[in-house]
Structure formats: structure tokens, C-alpha cells
Amino acid sequence: MSDNTNNKGIEDQGGRVRAGEELNVAGVDAWLKGHVPSLQGQPEITQFSGGASNWTYRLKYASGEHGGDFILRRPPAGTKAKGAHDMGREYRVQKALKPVYPVVPTMIGLCEDEAVTGSEFYVMERIAGIIPRKNMPRGLSLDQRTTRQLCTNVLDKLVELHQVDVQATGLDSLGKGSGYCKRQIEGWSDRYTKAKTWNVPSYSYVMAWLKERTPQDVANVVIHNDWRFDNVILAEQDPTKVIGVLDWEMATLGDPLMDLGNALAYWIQADDNKLMMATRRQPTHLPGMLTREEAVDYYLDKSGYKLDRQRDWVFYEVYGLFRLAVIAQQIYYRYHHKQTRNPAFKNFWIIVNYLDWRCKGLIKQARR
């Protein structure tokens, strides 16, 4: 499987809390002990660098239930997009999914009292494991066969999610019914227009192309809406096994192929150019990983959804890239207007320009 005989020590860890993003430790500690009375002492608090949206912290106690180990999620400071960063919604979605989709973390509690630490937040049990970010953790080396198994296992978990019985979750009202694809194109187009800054393109051509070619929904299922390798947790003793799926902020009921299109927007493969490689944030370039085309074919085969990949897939791929551009621009908008100090967001405007070029390239290819 790997040249590692012991993967201990490679599990994902937090780091120092960023300046200006500190928690009210006393307030959070008192609230959490109200939910888990067995906790002892004060928590050691670290912050995760992964994720460019909500702020995520680890709270580690000396002892207590749930291993005394927790994750706290709260929204960022500054202007927020309408409907975004809704901690209550993310908490309730995960709590409802947990019984039928076990890789969801165990929820501890939701705090809607902003007086505790300046915003609403929720706390969940931490799942200890490996998160495959831009590169696999140092000390973990997988051979080509094992890497392929990891890749297909991650795709299998996406297929499993799309096969969840919505009635069994009680999440029937999570979405708005048919017309999901149309609403997404209209909604993301509007969000981009509102978040535009002077140094990014208009995207008018891409938005018009998507609007003209919007298909009917193929199904109405639970979708994650931010499916990436760095949102899954792998078992330390078997790094091909997915034991957790994180970041359910944008989960809803919608079209599964739109969810796959979103996932492929992050899928940088080994033969991509240097510009694309510069945007890579997950290890899909490794020998053994499926290409984007292979990933789509694998998903369609496993899920049973019918699609002419050569003719029809381009819509979903362009949509995924456009949506990623909007998310990047919304984050950059906060940095541009000094609503966040995180230096990781400084050059997001370059990514937005690049994604416009990539969308137009796919559209041009489709017209040949």
C-alpha cells in the first residue's frame, strides 16, 4: 500500500490562531462545558489554515467525553454573501445526515448567542485522521495502485451521498425543488456582479453562454456543493479509507451533476499547464489519480446517470469553474475592502482572471 509502516504523526493539525481571529476562550469554554460537563481544565486552541471562508478551530481538553477533542466553526468577520456562513443550517444538515451517512462528524451543539464570542458557532467532535491538502502529508508516500484506490474511494463517497434517501434524512425542505440548474446560473451570476472589483473581468460572455445552455435537472438529491479532497478525512492506518467528510456549509438538495462539476473545478491533473498547476489545492496530480475525463466516466458508471460526456459535460465543467471564480471573488472582495487580513487572499483576483480564460477555452473547444 505504502512505504510507510507507521503513519502516526501525520494526522491533520491546527496552528497558531491568526491575529484578529481569536476566540473568547472563557466564553466558549463555559458554553462547551454546559454541553459536555466532563471536560477538565481550559482548552488548548489552534486554528486550521485550510479553507478560505469560515474560521475553523480545534479545542483540545486534557480529558472528557468525545476524547476532549473538538472542532469549532464560526463565520468570518466582515460582509457576508446573503445565505452564506449560516452556522445553524450547516449544523442541522450534518445532524440530520449523520444517521444515514456515517462519515459526517458527530455534532455537539449550536450556539446562536453572538455574545459568547462575537458570532454564532457550532462545535462537533473532531475526527482524527489525514486530510489530503495540496500535497499529501510529509512522511506519507502512496504507490500508484494505492493512490488510485484513494481516488476512487473519494468518488464512491460522493456517489453514496447522492444516493442517500432524502425522506430518511428529514431534509425534504432543504432545497427549492425543480429548476436547480437554472437557479444556480442566475444566482452565481448575480453574486459575481455584486462582488466584482476593478481588477477582474466581467464574465459577461461566460454567464450568457451558461444561461443559454442550462439543462433540466437530472435528479434532486442531497449534494455537498464543495466536494474536494481537502474536505475528506482519511484513516491513518489505511489512507485510502474515507472516515470523514467536512464543510457542509453549502449542502442542499439539487442536481448531482452540478455537484460533480463543482468537484472537477478543483481537479488539477498531472498534464495540466503551469498556470493551472499554480492553482492546485489537492493531490489529484499524483501518479494513479484519475484524470478529469476518467473521473466523470467513473462517476457516471457508478451512479447510473446518463450523459453524453463529449457533447453535454462541458456545461457542468464550465459551471463549476465559473462558480469557483465567484467564490474566489467573494473572498477577494473581503480582502480588497480590508474586511479580512488573511494574506492567503491577496492574489485571488489573479485566480478569477485565470478562471475566465479557462472557461472561455472550454467553450471554444466545445464549438469545434
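Colleague: Quick one to start: which helix does Q329 lie in?

Modeller: Q329 lies in helix α10. Bear in mind that this is a predicted model.

Colleague: Okay. Is Q329 buried or exposed?

Modeller: Q329 counts as buried, because its relative accessibility is 0% and the cut-off for buried is under 20%.

Colleague: And what does Q329 touch, not counting residues up to four places away in sequence?

Modeller: With those left out, Q329 touches Y192, A195, K196, T197, V200 and V352. Two names there, Y192 and A195, also turn up among the buried residues of α5.

Colleague: Tell me about α5, then. How many residues does it have, and how far does it reach?

Modeller: Helix α5 covers residues 180–195, so to speak a run of 16 residues. From first C-alpha to last it reaches 22 Å, close to the 22 Å expected at 1.5 Å a residue.

Colleague: Which residues of α5 are buried?

Modeller: They are Y180, C181, Q184, I185, G187, W188, S189, Y192 and A195. The cover over them includes α6 (204–212), β6 (221–223), β9 (252–254), α7, α10 and α11.

Colleague: How long is α9, and what happens just after it?

Modeller: Helix α9 has twelve residues, 292–303, and reaches 16 Å from its first C-alpha to its last, close to the 16 Å expected. Just after α9, G304 takes a positive phi of about 90°.

Colleague: Now the sheet. What's the strand order?

Modeller: It's an open sheet of five strands in the order β1-β2-β3-β5-β4, with antiparallel pairing. The edge strands are β1 (44–47) and β4 (107–111), each pairing on one side only. From one strand to the next, the twist averages 20°.

Colleague: Remind me, what do strands of a sheet pair through?

Modeller: Through backbone hydrogen bonds, in either a parallel or an antiparallel way.

Colleague: How many bridges are there between β4 and β5?

Modeller: Four, with β4 and β5 (residues 121–125) paired in the antiparallel sense.

Colleague: What about the nonpolar core? Which residues have the most contacts inside the largest one?

Modeller: L97, Y101, Y203, L210, V318 and F322 have the most contacts inside that core, which has 87 residues. Helix α10 gives the most to this core, with 15 residues. Apart from it lies another core, of 17 residues, among them V36, L59, F70 and L72.

Colleague: Last topic, charges. How many salt bridges does the structure hold?

Modeller: It holds 17 salt bridges. One of them joins K33 and D29, whose closest N and O atoms are 3.3 Å apart. Both residues lie in helix α1, four residues apart, about one turn of the helix. K33 counts as partly exposed at 24% relative accessibility, while D29 counts as buried at 6%.

Colleague: Which residues make up the network of salt bridges that share partners?

Modeller: Let's build it up from its pairs. R228 forms a salt bridge with D226, with the closest N and O atoms 2.9 Å apart. R228 is buried at 6% relative accessibility, and D226 is buried at 7%. R281 forms a salt bridge with D230, at 3.3 Å between the closest N and O atoms. R281 sits in the loop between α8 and α9 and D230 in the loop between β6 and β7 (232–234), so this pair ties together parts that are 51 residues apart in sequence. Salt bridges that share partners join D226, R228, D230 and R281 into one network.

Key. Residues are numbered from 1 along each chain as its sequence is written. This is a predicted model: local features need pLDDT of at least 70, side-chain atom pairs count only at pLDDT 80 or more; totals for chains, interfaces and linings use all residues. Side-chain values use heavy atoms; hydrogens and water are left out. The expected span of a helix is 1.5 Å times one less than its number of residues. Buried means under 20% relative accessible area, exposed over 50%, partly exposed in between (1.4 Å probe, protein chains only). Contact means heavy atoms within 4.5 Å. Two strands pair if DSSP finds at least two bridges between them. Axes are lines fitted to C-alpha atoms, for helices over the stretch in contact, and angles run from 0 to 180 degrees between N-to-C directions. A nonpolar core is a set of buried Ala, Val, Leu, Ile, Met, Phe, Trp, Tyr and Cys residues joined through side-chain atoms within 4.5 Å. A salt bridge is a side-chain nitrogen of Lys or Arg within 4 Å of a carboxyl oxygen of Asp or Glu.
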